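Here are my notes on this model, as numbered points. Please read them beside the coordinates.

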Amino acid sequence: MTSHQSGHKAMAAYLAVAISFPLLHSSATALQLVDVREAPGLNSPSLEAPSWVSEDGLYAVIESTRSSGSSTLYDLFEAERYSIDEPFSTPSQGDFRDINLVPRNAGFAVVSSDELELFYGQEIVANSVGIPVTGTTGNMYRSVRDTVDEAWPVGTRQSAIHSLGDHIRPLALSTDGLRLYLSVGPPPARQTPDWDLWVVSRSSTQDEFLPSNAEVLASLNSDASESELTISSDETTVIISSSRPGVGGADLWYSTRDSIDDAFSPPSLLPGANTSFSDRRPVLAGSQLFFSSTRSGEQQIYVGTLIPEPGSLGIAVCGVIAAQLLGVRRSRSKINP
């Protein structure tokens, strides 16, 4: 038995005991990331970053430069697996093939829980003659489809929300589809890394997200750059990427709150996640945290498991987290048996 297998079995035993007690959601919960490793099946010699992963951890959307022959031009790829104990299939452009035909960076994909609505970013045009800013994904688009068997059509730019800023990155969508978490950046002419985290709401999934319903997440932001965020399905735990003083160039921080009506606590560095390199692009899937890191020399995708630190006052777990750590198999409609 490898050390990884042994650690996985020990974690499963821990969760089997933990979920036999009433589940708690506490702002006093202290978290740590364990069993950190390269995400099996998702990496290549190119630059890689996670974008969105289904709650069961079986379907991943990533950004990669593998098909562009460029170190800066990203496309969206998808990958699947039967169980979290298995590696992902080789990523393919699949449902994102039409979006990738647009000759601009595509990234920051956020998929609704029914996988019928998609928000994503594409490269912003910076000046009047249409020269794009390389390496940015500042325009936010929305795409919808009727069934999960269809490819995503090229989306519609969400013009109204751009009154918040020239750069808008969709980061996470609530389970009910009514709240979209964003990062809002400065105009392209500004060189300061000034990104802030926001949330915007709507009354129906048929409505557009409007700036009049947007709120800055003041307790998560700082004088540095808070460029990325991922949030738990109950919206009480958040992992952010920030350039504030920490361990490396960009670090992962976490924060909690008791309910969506409360403000988040001041962020704390996430133990077990950070290195002296750049650690960013967090994506939560149940108890699994996917993120990108340059610790190996190139930007690659890593994954670890979130657990409470010893002595923590609370634990927030749900059925899908227990299923992940106990190795329960789930099937997806797009995987052929």
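1. β13 and β14 make a hairpin with five residues between them, and E235 in the turn has a positive phi of about 65 degrees. This is a predicted model: local features need pLDDT of at least 70, side-chain atom pairs count only at pLDDT 80 or more, and totals for chains, interfaces and linings use all residues. Residues are numbered from 1 along each chain as its sequence is written, and side-chain values use heavy atoms, with hydrogens and water left out.

2. Strand β13 (residues 226–231) runs antiparallel to β14, joined by five bridges. Strands here are DSSP runs of E, at least two residues, numbered from the N terminus. Two strands pair if DSSP finds at least two bridges between them. E226 has S242 as its bridge partner in β14. On to β15 (residues 251–256): β14 pairs with this strand in the antiparallel sense over six bridges. I240 stands opposite W253 there.

3. Is β14 buried or exposed? Six of the six residues in β14 (residues 237–242) are buried, so this strand is largely enclosed by the rest of the structure. Buried means under 20% relative accessible area, exposed over 50%, partly exposed in between (1.4 Å probe, protein chains only). In a regular strand, side chains alternate between the two faces of the sheet. Both faces of β14 are covered: T237, I239 and S241 are buried on one side, V238, I240 and S242 on the other.

4. R244 and E226 form a salt bridge, with the closest N and O atoms 3.1 Å apart. A salt bridge is a side-chain nitrogen of Lys or Arg within 4 Å of a carboxyl oxygen of Asp or Glu. R244 sits in the loop between β14 and β15, E226 in strand β13, 18 residues apart. Both residues are buried.

5. The structure holds 12 salt bridges. One of them joins E63 to R281 at 2.5 Å between the closest N and O atoms. E63 is in strand β3 (residues 59–64) and R281 in strand β17, so the pair ties together parts 218 residues apart in sequence. E63 is buried at 3% relative accessible area, and R281 is buried at 7%.

6. R142 and E117 also meet in a salt bridge (2.6 Å, N to O). R142 counts as partly exposed at 21% relative accessibility, whereas E117 counts as buried at 6%.

7. R145 lies in the loop between β7 (139–144) and β8 (156–157). R145 is buried, with a relative accessible area of 6%.

Note on methods
Helices (H or I, at least four residues) and strands (E, at least two) are DSSP runs, numbered from the N terminus.
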